[in-house]
Amino acid sequence: MRYLILFLSTLLFTLETSAQQSAWTIVPGQRIGQIKLEAPAQSLAVLGKPDGGDAAMMKAWRIWYSRKKDNSIDSTHMLAVFTAMRTQDTQYVKQIRVNSPKFRTTKGVGAGSTLSAIKKAYPGVKLVRLYETANKAKRIAVYEDTQQGIAFETANSRSRKPVCSMVVIFDPGESAAGYLDFHVGFDLMNPVAP
């Protein structure tokens, strides 16, 4: 009986630890934490009311920010979910973005990882977008692995090495930029001719 109790205790501890780790795991082309691609928008209710967002033409962004100890919004860390209509009455999760360093892929990379660590973990990533802010203080580069359904945005000032500032997951075979572009600034890879 003692061994059975010990075994059950160990099993429960292992399951709880596994569930906690799963809550912070990024799985390319599938999920970030408990939020899954292709899930109906109603499944986002577990996150509570969004702190911000926008909606138009049967598409929507919902944004949740982390909280400070006094429960006020801490806009430095966020989770953003993009949904789009697939049927006439239901929106589905099409893209998930996160910039909190707590979220990591099973290969150990996420926000805060260096570009070299990302390329080592995901050798299929390719530079697909490069932006420069209007004041030219920062460059934002987007590296994508379309086969796996993951993208990494790096933001750096001219004097620092690129570090991941945001992880994006999307349906494999598509593109992170396929739905909505977050960046305002000059696109260095696709300049518009005057």
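The model is a predicted one.

**Strand pairs and hairpins**

- Strand 6 and strand 7 run antiparallel and are joined by 7 bridges. Together they make a hairpin, with 5 residues between the two strands.
- Strand 6 also pairs with strand 5 (residues 59-67), again antiparallel, and here 9 bridges join the two. In this pairing, Trp64 stands opposite Leu79 of strand 6.
- The hairpin of strand 5 and strand 6 has 5 residues between its strands, and Asn71 takes a positive phi near 75°.
- Further along, strand 9 (residues 126-132) runs antiparallel to strand 10, with 6 bridges joining them. Lys126 stands opposite Glu144 in strand 10.
- Strand 9 and strand 10 form a hairpin too, with 5 residues between them, and Lys136 in the turn has a positive phi of about 60°.

- The largest nonpolar core here has 27 residues, and Ile26, Val81, Ile96 and Phe152 touch the most other members. At least two residues of this core come from each of strand 6 (73-85), strand 7 (91-98), helix 2 (115-121), strand 10 (138-145), strand 11 (150-157) and strand 12 (163-170).

- Asp74 lies in strand 6. Asp74 is buried but has no salt bridge, and the nearest side chain of opposite charge, that of Lys68, is 5.6 Å away. A salt bridge needs a side-chain nitrogen within 4 Å of a carboxyl oxygen.
- Not counting residues up to four places away in sequence, Asp74 touches Tyr65, Ser66, Arg67 and Lys68.

**Salt bridges**

- The structure holds 4 salt bridges. In one of them, Lys94 pairs with Glu38, with the closest N and O atoms 2.7 Å apart. Because Lys94 lies in strand 7 and Glu38 in the loop between strand 3 (35-36) and strand 4 (52-56), this pair ties together parts that are 56 residues apart in sequence.
- Lys94 counts as buried at 13% relative accessibility, while Glu38 is partly exposed, with a relative accessible area of 25%.
- Lys94 also meets Asp171 in a salt bridge (2.9 Å, N to O). Asp171 sits in the loop between strand 12 and strand 13 (186-187) and Lys94 in strand 7, so the pair ties together parts that are 77 residues apart in sequence. Asp171 is buried, with a relative accessible area of 12%.
- Through shared partners, salt bridges join Glu38, Lys94 and Asp171 into one network.
- Another salt bridge is formed by Arg67 and Asp51, whose closest N and O atoms are 2.4 Å apart. The pair links distant parts of the chain, with Arg67 in strand 5 and Asp51 in the loop between strand 3 and strand 4, 16 residues apart.
- Arg67 counts as partly exposed at 41% relative accessibility, and Asp51 counts as partly exposed at 26%.

Technical notes:
Residues numbered from 1 in each chain as written. Predicted model: local features only at pLDDT ≥ 70, side-chain atom pairs only at ≥ 80, totals over all residues. Heavy atoms only, no water. Core = buried A, V, L, I, M, F, W, Y, C linked by side-chain atoms within 4.5 Å. Buried < 20%, exposed > 50% of the residue type's maximum accessible area, 1.4 Å probe, protein only. Helix = DSSP H or I, 4+ residues; strand = E, 2+ residues; numbered from the N terminus. Pairing = 2+ DSSP bridges. Lys, Arg positive; Asp, Glu negative; His and termini not counted. Contact = heavy atoms within 4.5 Å.
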